[in-house]
Amino acid sequence: MIKTNQKNKQNYQMLLFKQKTGLSIEYDEDNNTFQFQKLPVCDDIAQFYQYAYVYINDIILFFGGGGWDNKYVYSKSVHKYSIRENKWMIFQNALPSPLLYCVAILSEEDNDIHIIGGLNDKHTMISTHMKTKVRVWDHLQLVMICLFIIFFDQTQMNYIECDE
């Protein structure tokens with residue numbers, strides 16, 4: 001759920017994704033009304049559910065998942081949905097192994113994403129803990145880091161080029 005304040009209005013936005021269904025639900029607390037809007041879901045993630053997800057800087061990252069496509073399919077992909085741009089992106093084979101029914105938690109303190117537990121492609125419960133940096137998946141984080149380094153070094157009269 002995302003709280004949005006627009007001109008002293010209290011609005012809340014909830015996003016729901018399951019397989020090929022995407023839905024934005026906005027609640028206007030002042031008028032006690034709901035607005036619903038269908039969201040696109042890319043074909044690559046449309047068959048999946050049972051994935052972990054985390055919300056960061058107007059994007060949602062989806063890790064792994066499972067679903068039916070003539071047979072049960074397990075994913076080790078990471079999908080990214082940009083709320084602002086209303087666009088999807090896929091990172092192929094981004095996880096070390098297929099994973100479903102896992103949980104993703106954002107640690108804002110150190111900008112890490114923790115992916116915990118779940119089932120593997122043999123439907124066996126695993127006790128796994130993977131940790132990844134937010135900047136790996138969100139290019140805005142990379143840009144902010146590069147800008148900080150360039151700004152800091154310009155005050156020292158040095159210049160550093162940043163690779164993306």
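1. Let me start with Val103, which sits in strand E11, residues 103-107. Strands here (E, at least two residues) are DSSP runs, as are helices (H or I, at least four), and both are numbered from the N terminus. Val103 has 45% relative accessibility, so it counts as partly exposed. The classes are buried for under 20% relative accessible area, exposed for over 50% and partly exposed in between, with a 1.4 Å probe and protein chains only.

2. A word on provenance: this is a predicted model, where local features need pLDDT of at least 70 and side-chain atom pairs count only at pLDDT 80 or more, while totals for chains, interfaces and linings use all residues. Residues are numbered from 1 along each chain as its sequence is written, and side-chain values use heavy atoms, with hydrogens and water left out.

3. Val103 also belongs to a nonpolar surface patch with Ile105 and Ile116, and together they have about 230 Å² of accessible area. Patch members have over 30% relative accessible area and no salt bridge; nonpolar side chains (Val, Leu, Ile, Met, Phe, Trp, Tyr) are joined within 5 Å, like charges within 9 Å. The areas come from the Shrake-Rupley method with a 1.4 Å probe, and for residues only the protein chains shown count as cover.

4. What is the strand order in the open sheet of three strands? It reads E11-E12-E13, with antiparallel pairing. E11 and E13 (129-133) are the edge strands with a single partner each, so one side of each has no neighbour in the sheet. From one strand to the next, the twist averages 20°; axes are lines fitted to C-alpha atoms (for helices over the stretch in contact), and angles run from 0 to 180 degrees between N-to-C directions.

5. E12 (residues 112-116) and E13 run antiparallel and are joined by five bridges; two strands pair if DSSP finds at least two bridges between them. Within this pairing, His114 stands opposite Lys131 of E13. As background, strands of a sheet pair through backbone hydrogen bonds, either parallel or antiparallel.

6. E12 and E13 are also tied by charge. Asp112 forms a salt bridge with Lys131, with 3.8 Å between the closest N and O atoms, and the pair links E12 to E13 across 19 residues of sequence. Asp112 meets Lys133 in a salt bridge too, at 2.9 Å from N to O. Lys133 is in E13 and Asp112 in E12, so this pair ties together parts 21 residues apart in sequence. The rule is a side-chain nitrogen of Lys or Arg within 4 Å of a carboxyl oxygen of Asp or Glu.

7. Is Asp112 buried or exposed? At 2% relative accessibility, Asp112 counts as buried. Lys131, at 56%, counts as exposed, and Lys133 is partly exposed at 30%. Asp112, Lys131 and Lys133 are linked in a network of salt bridges.

8. The whole structure has four salt bridges. One of them joins Asp58 and Arg84, whose closest N and O atoms are 2.7 Å apart. The partners are 26 residues apart, with Asp58 in the loop between E5 (52-56) and E6 (59-63), and Arg84 in the loop between E9 (78-82) and E10. Asp58 is partly exposed at 24%; Arg84, at 60%, counts as exposed.

9. E9 and E10 form a hairpin with four residues between them, and Asn86 in the turn has a positive phi of about 55°. The two strands run antiparallel, joined by five bridges, and Val78 has Phe91 in E10 as its bridge partner.

10. On to the rings: Phe, Tyr and Trp (its six-membered ring) pair if their centres lie within 6.5 Å, with planes under 30 degrees apart counted as stacked, over 60 as edge-to-face and the rest as tilted. That gives ten aromatic pairs. For Phe17 and Trp88 the centres are 5.4 Å apart and the planes at 85°, so this pair is edge-to-face. Phe17 is in E2 (residues 9-18) and Trp88 in E10 (residues 87-91), so parts 71 residues apart in sequence are tied together.

11. Phe17 is buried at 12%, and Trp88 is buried at 18%. Trp88 also forms a tilted pair with Tyr81, 5.0 Å centre to centre and 40° between the planes. Tyr81 counts as buried at 2%. Phe17, Tyr51, Phe62, Tyr81 and Trp88 form one aromatic cluster.
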